[in-house]
Amino acid sequence: MTQLAYLAPSSAEEAAAALARDGARPLSGGTDLLVQLRAGRTRPAVVVDLKAVAGAIGVREQSGGFVIGAATPGAVLGEHAALSRAWPGVVEGATLIGSTQVQGRASLGGNLCNASPAADGVPALIAARATCVIVGPGGRREAPVESIATGPGQTSLAPGEFVLEFRLPPRPARASDAYLRLIPRTEMDIAVAGAGVNLVLDEGGRVAEAHVAVGAVAPTALLAAEAGRALVGGRLDDAALAGMEAAVRAVCRPISDKRGTAEYRTRIAGVLARRAALIAFERAGGVR
Ligand SMILES: Cc1cc2nc3c(=O)[nH]c(=O)nc-3n(C[C@H](O)[C@H](O)[C@H](O)COP(=O)(O)OP(=O)(O)OC[C@H]3O[C@@H](n4cnc5c(N)ncnc54)[C@H](O)[C@@H]3O)c2cc1C
């Protein structure tokens, strides 16, 4: 049996060089990767642990926005007061992953790059219009979060590339977000559907900007651009919410499985988006 090599580089460039080796895989928290290794579903030759890479763990404020290290554990995000105030929905998506134990390790980078259609951390990041800083043998590039997963277990990352950090845009006053998911059990299950909504209100309390993203209802999490547009200009009246729900349902392409039929998932995605929009609106200081 070939031995699995373990590397823990301290710079992003060293990590990219290590990841360019044949059969190399990045490791963040390991809550997906170690399970897959133990089950024999993946057999990398080299595991490149990103946790010691400068910038891969931690949260910092930069140019009015936030930068989240891609390997930062969910528990750290949940305890970050300023991030939780500005982006409660992004933090909700990250912190409802798994259990207390899983939270000590599970990261948004791993959640995104594991590329599960039901990844809970991803819809709110997409609704936030977050970008990823990607490092690879060719240097650095920045890409929108929604461009990373291309299908179940598949990403657009080139060999040797990894996500170093996420960038969240500056947050104006009267802005907030929310993430909701439905799972068949009360905890530790895979979402039937999930929805993230990010709203910015104008001085009059009307929606000036809205972004809606859904998870578990297509091969990847999706930005429902039309759904966001349906909310702009008003105070989430019933007609706007109905338009938003219809636009969410229109982008859904779910599977049917033991957690729910495609019809059920599609309906639930709309309901969750409506509820998340109402929560984000209230958090932003909106009054209907
Ligand atoms: C008990 C349990 C409960 C769970 N509950 C949930 C849940 O409720 N919701 C949910 O969404 N998930 C859940 N998960 C799955 C998992 O915890 C999450 O997907 C988690 O966010 C993965 O992050 P990680 O840091 O552990 O990733 P890892 O396991 O380290 O990596 C996951 C994948 O991404 C790659 N990768 C890791 N970091 C990077 C990077 N920075 N750049 C490029 N590629 C990278 C790895 O090579 C691997 O393919 C659960 C898992 C367990 C074991």
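This is a dialogue about reading one predicted model, from its overall form down to single residues.

Reader: What kind of model is this, and how are its residues numbered?

Author: The model is predicted, so local features need pLDDT of at least 70 and side-chain atom pairs count only at pLDDT 80 or more, while totals for chains, interfaces and linings use all residues. Residues are numbered from 1 along each chain as its sequence is written.

Reader: Which radius of gyration would a compact globule with 288 residues have, and which does the protein have?

Author: The radius of gyration is taken over C-alpha atoms, and the globule rule is 2.2 Å times the number of residues to the power 0.38. For 288 residues, a compact globule would come near 19 Å. The protein has 19 Å, which agrees. Its C-alpha trace spans about 60 × 45 × 35 Å along the principal axes.

Reader: How many helices and strands does the protein have?

Author: Helices (H or I, at least four residues) and strands (E, at least two) are DSSP runs, numbered from the N terminus. The protein has 11 helices and 14 strands.

Reader: Which domains does the assignment give?

Author: Domain bounds come from an automatic or database domain assignment. Here the assignment gives domain 1 (5–49), domain 2 (59–168) and domain 3 (175–283). The C-alpha centres of domain 2 and domain 3 lie 19 Å apart.

Reader: Which residues of H5 are buried?

Author: A residue is buried if 20 or more other C-beta atoms lie within 10 Å of its own, exposed if 12 or fewer, and partly exposed in between; C-beta atoms are placed from the backbone. In H5, the buried residues are Gly89, Val90, Val91, Glu92, Gly93, Ala94 and Thr95. That is 7 of its 8 residues, so H5 is mostly covered. Across the protein, 48% of the 288 residues count as buried.

Reader: Which residues are closest to the ligand?

Author: A residue is near a molecule or strand if its C-beta atom, placed from the backbone, lies within 6 Å of it. The ligand is surrounded by 31 residues, and the closest are Gly29, Gly109, Gly110, Asn111 and Cys113. Strand E2 (24–27), helix H2 (33–38), helix H7 (108–114) and strand E10 (162–168) give two or more residues each. H7 has the largest share, with 5 residues. Domain 1 and domain 2 each give the shell at least three residues. By class, the shell has 16 nonpolar, 11 polar and 4 charged residues.

Reader: Which members of the largest nonpolar core touch the most others?

Author: In soluble globular proteins, nonpolar side chains tend to be buried together. A nonpolar core is a set of buried Ala, Val, Leu, Ile, Met, Phe, Trp, Tyr and Cys residues joined through C-beta atoms within 7 Å. The largest core has 93 residues, of which Val212, Val214, Ala273 and Ala276 touch the most other members. Helix H11 (residues 262–283) gives the most, with 9 residues. Setting aside residues up to four places away in sequence, Val212 touches several residues, including Ala127, Ala195, Met244 and Ala273.

Reader: Where does Ala277 lie, and is it buried or exposed?

Author: Ala277 lies in helix H11. It is buried, with 31 other C-beta atoms within 10 Å. Beyond its neighbours within four places in sequence, Ala277 is in contact with Val197, Leu231, Leu236, Leu241 and Met244.

Reader: What phi does Leu236 have?

Author: Most residues other than glycine have a negative phi. Leu236 is not a glycine, yet has a positive phi of about 55°. Leu236 is found in the loop between helix H9 (225–231) and helix H10 (238–251). It is buried, with 22 other C-beta atoms within 10 Å. Ala216 also has a positive phi, of about 70°. Ala216 is buried, with 30 other C-beta atoms within 10 Å.

Reader: Is Gly204 buried or exposed?

Author: Gly204 counts as exposed, because it has 8 C-beta neighbours inside 10 Å. Gly204 lies in the loop between strand E12 (193–201) and strand E13 (207–215).

How values were computed. Ala, Val, Leu, Ile, Met, Phe, Trp, Tyr, Cys and Pro count as nonpolar, Asp, Glu, Lys and Arg as charged, and the others, Gly among them, as polar. Two residues are in contact if their C-beta atoms, placed from the backbone, lie within 7 Å.
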